[in-house]
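Visitor: I have a structure open and would like to go through it. Can we start with where the chains meet?
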Amino acid sequence: MTDTATVASRPMHSTGAARRAGARRRIGFSWLVPALYILFLMVPIYWLLNMSFKTTNEILGTFSLWPNEFTFANYHKIVTDPVWYNGYLNSIAYATLNTILSVSVALPAAYAFSRYRFLGDKHLFFWLLTNRMAPPAIFALPFFQLYSSVGLFDTHIAVALAHCLFNIPLAVWILEGFMSGVPKEIDETAYIDGYSFRRFFFKIFIPLIAGGIGVAAFFCFMFSWVELLLAKTLTSVAARPIASVMTRTISISGYELGVLAAAGALTIVPGAIVIYFVRNYIAKGFALGRV
Amino acid sequence: MTLELRNVTKRVGGETHVAGVTLTLERGSLNVLLGPTLSGKTTILRLMAGLDVPVEGQVLIDGRDVTGTPVRQRSVAMVYQQFINYPNLTVYENIASPLRVARVPRTELDRRVRDAAALMRLDSQLDRYPLGLSGGQQQRTALARAIVKRADLLLLDEPLANLDYKLREELREQLPKLFAEIGAITVYATAEPSDALLLGGSTATLSEGRVTQFGRTVDVYRRPTDRETAEAFSDPPMNFIAARIAGGKAHLPGGAILPAHGPLAGLPDGEITLGFRANHLYLRQPSQDAVAVTAKVAIVEITGSESFVHAIHRDMRWVALVHGIHELNPGAPVELYLDPKRMFAFDRDGRLVAAPDFAAAA
């Protein structure tokens, strides 16, 4: 009995060992591809940081993997020069304004698309998405003249409103997915319990789709933050966005590459901060929503 | 309070869900809506609640027309088949929700919530969130929220359908007592005849959006007024065979002749359909009057100590529910006995013309 048992167990053991060895070999390759991918992604960002701590002379003069003359002068220039830091403040102002506008307008719209059937609802819903497909450039000229004529040129609200063009449809789509994940019976149960629509919407419904609101707000903020063309067209001095300040610096002061690199590095920061705040929602969000 | 549906019709996009339903439900009564899926049970409940508005007809409460009154102005509670609770509120807050909206004072609210929770045996779960509970606990939370409100009308849409067997049995036992205590008009929709029989009260059988019969549950079961009702209220389904009454005897298509005893006595000559329940189709001769017919075994399902023998007689499919284990081979011929005392007779339009004695009809 014991003999056959050990004999029988031996080949099993050896195949098990072979399988483990095979698994180890597979792991040996499998880390390589993501590592290369991340490396390629990170190289430009590293290079940006690298340049932001160099002087412009070093950037132009030598090719070095890390700063030889480490300096904070570039960052110092940005936080002290009002042209530079106002660029950031302007961008944050209109991106935040746009996020609040887009989400608060998209909430009732998404609720209607999710809960009611009305004439042409599916077409309207798809038409919203097609707004995203249009390049912002084609709207630049009409927007410029329209906003100028009503005296909104060079204001934060102008850029925030213009960005609603593509952010509201996006927010509606994201929120509709989340809302449709909440059973309609919850709405009805609330009405049966005696809730008014307002009370139900704010006390029951909004907490249920908080993740979706977080994700929608994140996308609105980011798209507004990175959009350059409309923001640049609709502003001159008072509401000029950071991306626009960056392009000007090249043309006027010649080569201020160190400051430019520092500005670029700082431009990444708000996105990173927003991601940090919605990080829990975003994973849950992508799973629940339909984006 | 009485609830009355008067000739209520609901159509959605050209499809008729409920057609001309008239029902009067009395205060404190327990009513079962019995019918297969898509027979209109849920729609009738929604019309009663005021969640849907009928395209024709009226809904009256104590004779007052409330057809267009929105749900939040009515005294209604509803439990869905899916376990519907507010996921962002604790069990306690879920149960308290209708009382909070109604601004019930704090001490009374607390007492009523704890009473309802105790009744549903949720005492130890009050601080937890619904999604962390088992299905049975979630549904009990929904039931507790429905009863804590003390609404005049309590609607339950297949509340036990999504629960496992054990819990279903347990809740099915508690519910009738609970309904009796509440004193509201209770309407319980179900697809299972056994639910209706266990709950008692009154039953309305539904078929394709119409109420085929409404009356005391036992009466509807033992005296179905037509074939549709008998079909809806039989599980396993009722067996049927065409017959010709002539000279005081029922002639079956295979040449067998049933003596016209019991319900068949005194029927006028002509074509009828005989219906009989699965437990009245026998493998052994039950009485001297019973007549054998030959059928072919289709399949035998054995559930512990009972056998469901599915057999084909001519082109009709029958089910016999017999005690004990009977292992018959599919395709084998089998002698089945029909007892004239147990026969329901339906005329050509499907109306009941004769039924067994009240005691023999079960």
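This is a predicted model: local features need pLDDT of at least 70, side-chain atom pairs count only at pLDDT 80 or more; totals for chains, interfaces and linings use all residues.

Visitor: Staying with chain B, what are its domains?
Guide: The domain assignment gives domain 1 as 3-230 and domain 2 as 236-354.

Visitor: What distance separates their centres?
Guide: Taken over C-alpha atoms, the centres of domain 1 and domain 2 of chain B are 37 Å apart. The contact between these domains takes six residues from domain 1 and eight residues from domain 2.

Visitor: How does the domain 1 side of that divide by class?
Guide: On the side of domain 1 of chain B that touches domain 2 of chain B, two residues are nonpolar, one is polar and three are charged.

Visitor: What about overall figures for chain B? What box does it fill?
Guide: Along the principal axes, the C-alpha atoms of chain B fill a box of roughly 75 × 45 × 35 Å. Chain B has 362 residues, and 41% of them count as buried. Its secondary structure comes to eight helices and 21 strands.

Visitor: What share of its contacts join residues at least 24 apart?
Guide: The figure is 66%, taken among contacts in chain B between residues at least 6 apart in sequence.

Visitor: With those strands, I'd like to see a sheet. What is the order in the open sheet of five strands?
Guide: In chain B the order is S15-S19-S16-S17-S18, with antiparallel pairing. Strand S15 (281-282) and strand S18 (316-323) of chain B are the edge strands, each pairing on one side only.

Visitor: What does the pairing rest on?
Guide: Strands of a sheet pair through backbone hydrogen bonds, either parallel or antiparallel.

Visitor: How many bridges join S16 to S17 in chain B?
Guide: Seven bridges join strand S16 (residues 291-303) to strand S17 (residues 306-313) of chain B, and the two run antiparallel. As one example, Lys296(B) has Ile312(B) in S17(B) as its bridge partner.

Visitor: What does Ala216(A) touch?
Guide: Leaving out residues up to four places away in sequence, Ala216(A) touches Val103(A), Ala106(A), Ala171(A), Ile174(A) and Leu175(A).

Visitor: Last topic, chain A. Which domains does the assignment give there?
Guide: For chain A the assignment gives domain 1 (2-61) and domain 2 (77-288). Nine residues of domain 1 of chain A are in contact with eight residues of domain 2 of chain A.

Visitor: Which element gives the most to the domain 1 side?
Guide: H2(A) does, with four residues. Helix H2 (32-52) and helix H3 (56-61) of chain A each supply at least two residues of that side. By class, the side of domain 1 of chain A that touches domain 2 of chain A has five nonpolar, three polar and one charged residues.

Note on methods: Residues are numbered from 1 along each chain as its sequence is written. Chains are lettered from A and ligands numbered from 1 in the order in which they are written. Two residues are in contact if their C-beta atoms, placed from the backbone, lie within 7 Å. A residue is buried if 20 or more other C-beta atoms lie within 10 Å of its own, exposed if 12 or fewer, and partly exposed in between; C-beta atoms are placed from the backbone. Two strands pair if DSSP finds at least two bridges between them. Domain bounds come from an automatic or database domain assignment. Ala, Val, Leu, Ile, Met, Phe, Trp, Tyr, Cys and Pro count as nonpolar, Asp, Glu, Lys and Arg as charged, and the others, Gly among them, as polar.
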